[in-house]
Amino acid sequence: MRVIVIGGGMFGASAAYQLARSGAEVSIIDHVHPGKATMAGAGIVCPWATKIDDPEWYEMYAAGGRFYDQLVAMLAEDGETEFGYRKVGALVTSSDAAELRSAGERIARRVGTAPEAGDVRLLTPKEAQGMFPVLREGLEAYFIPGGARVDARLLSAAMVRAAVKHGAQYRNDYVTLELANGRVRCRDGRGQHLEADEVVVAAGAWASQILEPLGITHPVKPQKGQIIHLRLAGVATAQWPVLLPMTSHYMLTFDDSRVVVGATREDDSGFDYRVTAAGQAEVLAAGMEIAPGLVNAEIIETRIGFRPAGPTTKPIFGRIPGIEGLSVGNGLGAGGISIGPFAGKLLADIVSGRTPEMPVAAYAP
Ligand code: FAD
């Protein structure tokens with residue numbers, strides 16, 4: 001079976017990797033638009049604290065987090081081990097005592113069926129600061145040992161490389177789709193027709209554009225996120241936990257004294273690939289409010305990503321009815337680094353005609 005996967009972000013890289021592993025002849029074609037979400041994503045994988053309570057979405061989010069252990073083992077078999085994945089744990093905190101209590105109850109309920117989260121415990125402000133030294137004083141926090149972070153740029157590249165080891169081809173190009181006798185047909189940037197039995201559209205926030213010529217109104221839009229990378233020179237940040245203050249902002253660290261503070265959520269942004277004064281101000285203010293120890297940190301860069309945001313938080317994947325050979329993997333929204341690898345595997349099963357390991361009807365396009 002020849003499969004073209006359009007998009008090499010979290011969804012496309014994973015679907016392509018799983019398809020290639022199972023013996024399909026895969027071509028990954030990625031334009032790498034400025035604002036590719038996977039290039040900007042923070043990298044938090046900690047499903048148990050979220051306030052969003054859509055059960056179908058949460059099931060996928062939790063399964064996505066759980067899948068990481070399997071993915072790490074699978075990639076290790078293919079010689080890929082360097083993608084910044086570490087179970088550093090997560091600190092869930094709030095300056096509002098009632099909110100912290102309700103977060104604690106929610107986490108306790110969820111980790112009851114998720115042993116991979118580890119033994120959650122409430123830390124004193126001093127203990128919390130001991131783990132995350134720039135944290136504001138006086139904040140209690142729940143510590144979730146199984147919380148993790150990953151470098152999504154490196155992970156998606158590792159999945160693509162592993163797919164190539166299994167025979168996939170990768171190319172940087174912009175493709176378009178058209179209909180021919182009820183079947184999807186793909187053309188490359190020079191207008192050349194590309195032969196395939198199956199086409200998988202994993203085109204992130206650009207999916208609606210590529211599907212439009214097929215007469216499909218796809219409900220996914222870009223939601224812009226501006227996210228700031230800081231450096232705390234000389235500080236060993238590698239083991240700091242992810243910090244979730246129960247607002248739309250958060251913090252995580254990487255090995256190179258890097259502290260990442262996220263992020264704006266700008267609906268109706270279009271593809272406005274600019275760092276704005278308001279975006280910087282919002283993220284820095286939120287970061288320094290929860291972690292005043294960052295005031296002297298150096299600003300390294302601001303990344304911009306367009307989250308593929310659907311009408312609900314649920315991802316959208318599966319075959320497009322009425323058009324032969326066409327599938328879509330999309331709508332990952334703000335949780336795609338957590339969900340994408342697992343959803344990509346489910347989609348690979350659907351495209352290959354295998355039964356996915358969990359019910360997927362709720363996510364059908
Ligand atoms: P993308 O990564 O955008 O990839 C789509 C690709 O398709 C692009 O490279 C594009 O160029 C390509 N493409 C489109 N059209 C064409 C075409 N016609 N031809 C060829 N190629 C095409 N999730 C988490 O779980 N945890 C987090 O901590 C987290 N933090 C985030 C922080 C920010 C600031 C942002 C923006 C997102 C964050 N996310 C997080 C969400 C996550 O990053 C996204 O949901 C995920 O990366 C989306 O992956 P994707 O493959 O669907 O899309």
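Predicted model: local features only at pLDDT ≥ 70, side-chain atom pairs only at ≥ 80, totals over all residues.
Let's start with a word we'll need throughout: two residues are in contact, or touch, when they have heavy atoms within 4.5 Å of each other. Residues are numbered from 1 along each chain as its sequence is written, and side-chain values use heavy atoms, with hydrogens and water left out.

First, the overall layout. The chain is split into domain 1 (2–39 + 153–219 + 312–363) and domain 2 (87–147 + 221–308), with bounds that come from an automatic or database domain assignment. Their C-alpha centres are 30 Å apart. Where they meet, 15 residues of domain 1 are in contact with 11 residues of domain 2.

Now look inside. A nonpolar core here is a set of buried Ala, Val, Leu, Ile, Met, Phe, Trp, Tyr and Cys residues joined through side-chain atoms within 4.5 Å. Buried means under 20% relative accessible area, exposed means over 50%, and partly exposed is in between (1.4 Å probe, protein chains only). The largest core holds 77 residues, and Val 26, Tyr 68, Val 92, Ile 144, Leu 155, Leu 244 and Phe 317 have the most contacts inside it. Helix H3 (residues 55–77) supplies the largest share, 11 residues. Helices (H or I, at least four residues) and strands (E, at least two) are DSSP runs, numbered from the N terminus. Both domain 1 and domain 2 give residues to this core, so it lies between them. Another core, of 22 residues, lies apart from it, with Phe 132, Leu 135, Trp 240 and Ile 290 among its members. As a general point, nonpolar side chains in soluble globular proteins tend to be buried together.

Setting aside neighbours within four places in sequence, Leu 244 is in contact with Ile 44, Cys 46, Ala 49, Ala 90, Leu 91, Val 92, Thr 93 and Tyr 250.

Next stop, the ligand. It is surrounded by 39 residues, the closest being Asp 30, His 33, Thr 38, Gly 333 and Ser 338; a residue counts as near when one of its heavy atoms lies within 4 Å. Backbone atoms come up to the ligand's oxygens in several places: a backbone N or O atom of Met 10 lies 3.0 Å from one oxygen atom, and a polar backbone atom of Gly 43 is 3.1 Å from an oxygen atom. Gly 335 also has a backbone N or O atom 3.1 Å from an oxygen atom of the ligand. Taken alone, the ligand exposes 1000 Å², and the protein buries 99% of that. Those areas come from the Shrake-Rupley method with a 1.4 Å probe, and for residues only the protein chains shown count as cover. The elements giving two or more residues to the ligand's shell are helix H1 (10–21), helix H2 (37–40), strand E17 (298–309) and helix H9 (336–352).

Asp 30, one of the closest residues to the ligand, sits in the loop between strand E2 (25–29) and H2. Asp 30 counts as buried because its relative accessible area is 7%. A polar atom of its side chain lies 3.2 Å from the backbone nitrogen of Gly 8.

Over in helix H9 you'll find Ile 337, which is buried at a relative accessible area of 11%. Leaving out neighbours within four places in sequence, Ile 337 is in contact with Met 10, Gly 41, Ala 42, Gly 43, Val 45, Tyr 68, Val 150 and Ala 152.

Strand E13 (residues 221–231) holds Gln 226, and at 1% relative accessibility Gln 226 is buried. Its side chain makes a polar contact with the side chain of Thr 276 at 2.9 Å. A polar contact is a pair of N or O atoms within 3.5 Å; within protein, one must be able to donate a hydrogen and the other to accept it, and residues adjacent in sequence count only if both atoms are side-chain atoms. Not counting residues up to four places away in sequence, Gln 226 also touches others, including Ala 263, Glu 266 and Arg 303.

Most residues other than glycine have a negative phi, and most peptide bonds are trans. The bond from Gly 262 to Ala 263 is cis, with omega near -25°. Asn 181 has a positive phi of about 55° and is exposed, at 82% relative accessible area. Met 246 has a positive phi too, near 65°, but is buried at 10% relative accessibility.
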